[in-house]
Amino acid sequence: MQHNMRTGEDNDRLRFGLRWRLNDSSWFRQLFVQLNLTYSLTLHALQIDDRDESVWQLEHSWRWSSPAVSERLYLAGFIDHTFNEDLPEGFPANPMVAELQLGWRLWQQWYAVAEYRLNQYRRQDVNNLALGVEYRVPF
């Protein structure tokens, strides 16, 4: 389940679906261990919001590390690809929001991060860059 709480009237939405962690699958586990990669694919087949259309979404998320380079370094990201959404003119037919994050562990769970983000729901500033500090809580 995913709950998006967004500013503005009637913008919140609930999504329900199935997640497949390919790196946990017996067929692929050894390959993903060798690559130091985790990868999940989520099909949000049902979206509940104030829209009439039957919107659905595919979400890809991954995290890669390279112990040969450094135990502190990682590259991670996601792509949310939304389908069947009735959007105003000027928006892509099936918009994406994607993020690529490069992180360096500073101390314990504290990381310095650089992010690139693509948001095709925006009319301006579709591409963004950011630098920051992040506290990571894995679960």
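Which residues does Q2 touch, not counting residues up to four places away in sequence? Q2 touches R13, L14, R15, H44, Q57 and E59, where a contact means heavy atoms within 4.5 Å. Q2 is found in strand β1, residues 2-4. At 18% relative accessibility, Q2 counts as buried; the term buried means under 20% relative accessible area, exposed means over 50%, and partly exposed lies in between, with a 1.4 Å probe and protein chains only.

**Basis of the model**

This is a predicted model, in which local features need pLDDT of at least 70 and side-chain atom pairs count only at pLDDT 80 or more, while totals for chains, interfaces and linings use all residues. Residues are numbered from 1 along each chain as its sequence is written, and side-chain values use heavy atoms, with hydrogens and water left out.

**Overall layout**

The protein has one helix and eight strands. Helices (H or I, at least four residues) and strands (E, at least two) are DSSP runs, numbered from the N terminus. Along the sequence the pattern is β-β-α-β-β-β-β-β-β. The C-alpha atoms fill a box of roughly 50 × 35 × 25 Å, taken along the principal axes.

Of the 139 residues in the protein, 27% are buried. The accessible surface comes to about 9,700 Å², and 56% of this surface belongs to carbon and sulfur atoms. Accessible areas come from the Shrake-Rupley method with a 1.4 Å probe, and for residues only the protein chains shown count as cover. Among contacts between residues at least 6 apart in sequence, 41% join residues at least 24 apart.

**Charges and salt bridges**

The protein carries 14 positive and 18 negative side chains, and the centres of the two sets lie 10 Å apart. Lys and Arg count as positive and Asp and Glu as negative, with His and the chain ends not counted. The place of a charge is taken as NZ of Lys, CZ of Arg, CG of Asp or CD of Glu.

Side chains of opposite charge can pair when their charged atoms come close. The structure holds two salt bridges, a salt bridge being a side-chain nitrogen of Lys or Arg within 4 Å of a carboxyl oxygen of Asp or Glu.

E59 forms a salt bridge with R19, and their closest N and O atoms are 3.5 Å apart. This pair links distant parts of the chain, with E59 in strand β4 (residues 56-66) and R19 in strand β2 (residues 13-21), 40 residues apart. E59 is buried, with a relative accessible area of 12%, whereas R19 counts as partly exposed at 44% relative accessibility. E59 is also one of the residues that Q2 touches.

R117 forms a salt bridge with E99, and here the closest N and O atoms are 2.8 Å apart. This pair too links distant parts of the chain: R117 is in strand β7 (residues 110-119) and E99 in strand β6, 18 residues apart. R117 counts as partly exposed because its relative accessibility is 32%, and E99 counts as buried because its relative accessible area is 14%.

**Nonpolar surface patch**

W104, L106, W107, W110, V133, Y135 and V137 make a nonpolar surface patch of about 780 Å². The elements that give two or more residues to this patch are β6 (96-107) and β8 (127-135), and β6 gives the most, with three residues. Patches are made of residues with over 30% relative accessible area and no salt bridge; like charges are joined within 9 Å, and nonpolar side chains (Val, Leu, Ile, Met, Phe, Trp, Tyr) within 5 Å.

W104 is found in strand β6 and is partly exposed at 38% relative accessibility. W107 is placed in strand β6 as well, and W107 counts as exposed because its relative accessibility is 53%.

L37 lies in strand β3, residues 37-48, and is partly exposed, with a relative accessible area of 22%. Leaving out residues up to four places away in sequence, L37 touches N23, F32, W62, R63 and W64.

N36 is in the loop between α1 (29-35) and β3, and N84 is in the loop between β5 (70-83) and β6. Both are residues other than glycine with a positive phi.

| Residue | Phi | Relative accessibility |
|---|---|---|
| N36 | near 55° | 30%, partly exposed |
| N84 | near 65° | 44%, partly exposed |

**Separations in space**

W107 and S26 are 81 residues apart in sequence and 33 Å apart in space, C-alpha to C-alpha. For L37 and Q120, the separation is 83 residues in sequence and 27 Å in space, C-alpha to C-alpha.
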